[in-house]
Amino acid sequence: MSYSADKIAIQISDQHIRFSQLEKRIQKKAKAFQKLPNAILILHASPNFEFIIELLASLTIGQPVALFSPQWSLEDQQEKLSLLGHSIRLNSQGDLVEHHS
């Protein structure tokens with residue numbers, strides 16, 4: 001698929017990100033993800049740029065991902081974590097906050 005770097009790649013409400021910006025942010029996030037422990041990355045699915053970039057960066061490097069709903073209760077999340085085994089969670093800045101074994 002060809003695209004123009006200055007065209008809008010994603011638009012959410014009145015905000016947008018261009019293909020050139022998207023590619024740079026995906027590559028930067030992918031490099032950061034490669035430094036993480038080898039585990040399933042838990043992402044909270046939400047309609048924002050950061051989630052989309054994290055998901056695309058994960059797919060770029062073959063990082064296994066589990067999508068969690070922001071609407072799940074803490075109890076539901078704990079249940080899902082127990083099924084996953086070795087997993088990690090990041091905060092909104094991309095820093096490791098939880099490592100589950």
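Let me begin with a term: a residue is called buried when its relative accessible area is under 20%, exposed when that value is over 50%, and partly exposed in between, with a 1.4 Å probe and protein chains only. What we have on the screen is a predicted model, in which local features need pLDDT of at least 70 and side-chain atom pairs count only at pLDDT 80 or more, while totals for chains, interfaces and linings use all residues. Residues are numbered from 1 along each chain as its sequence is written, and side-chain values use heavy atoms, with hydrogens and water left out.

With that term in hand, take Gln 63, which sits in the loop between H2 and E4; helices (H or I, at least four residues) and strands (E, at least two) are DSSP runs, numbered from the N terminus. Gln 63 counts as buried because its relative accessibility is 12%. Its contacts, meaning heavy atoms within 4.5 Å, are with Phe 33, Ala 39, Leu 41 and Ser 58 once residues up to four places away in sequence are not counted. Of these, Ala 39 is 24 residues away from Gln 63 in sequence, and the two C-alpha atoms are 8.1 Å apart in space.

Now to the sheet. Two strands are taken to pair if DSSP finds at least two bridges between them, and on that basis there is an open sheet of 4 strands in the order E4-E3-E5-E6, with mixed pairing. Its edge strands, each pairing on one side only, are E4 (65-68) and E6 (96-100), and from one strand to the next the twist averages 25°. Strand E3, residues 40-44, pairs with E4 in the parallel sense over 4 bridges, and within E3 and E4 we find Ile 42 opposite Ala 66. Across E3, E4, E5 and E6 lies helix H3, residues 74-84, running at about 165° to E4, where axes are lines fitted to C-alpha atoms, for helices over the stretch in contact, and angles run from 0 to 180 degrees between N-to-C directions.

Ser 87 is buried, with a relative accessible area of 0%, and, leaving aside neighbours within four places in sequence, its contacts include Ile 40, Ile 42, Leu 81 and His 99. Arg 89 is also in E5, and is buried at a relative accessible area of 9%; with the neighbours within four places again left aside, Arg 89 is in contact with residues including Ile 42, His 44, Phe 68, Gln 77, Asp 95 and Glu 98.

Elsewhere, strand E1 (residues 8-12) and strand E2 (residues 15-18) pair in the antiparallel sense over 4 bridges, with Gln 11 opposite His 16 in E2. The hairpin of E1 and E2 has 2 residues between the strands, and in it Ser 13 takes a positive phi near 55°.

Finally, which helices each supply at least two residues of the lining of the second largest pocket? They are helix H1 (19-33) and helix H2 (49-61), and H1 gives the largest share, 5 residues. A pocket here is an open set of points on a 1 Å grid over the protein atoms alone, where a 1.4 Å probe fits, with protein on both sides within 12 Å along at least five of seven lines, and lining residues have an atom within 4 Å of a point. Among the lining residues are Arg 25, Phe 33, Glu 50, Ile 53 and Gln 93.
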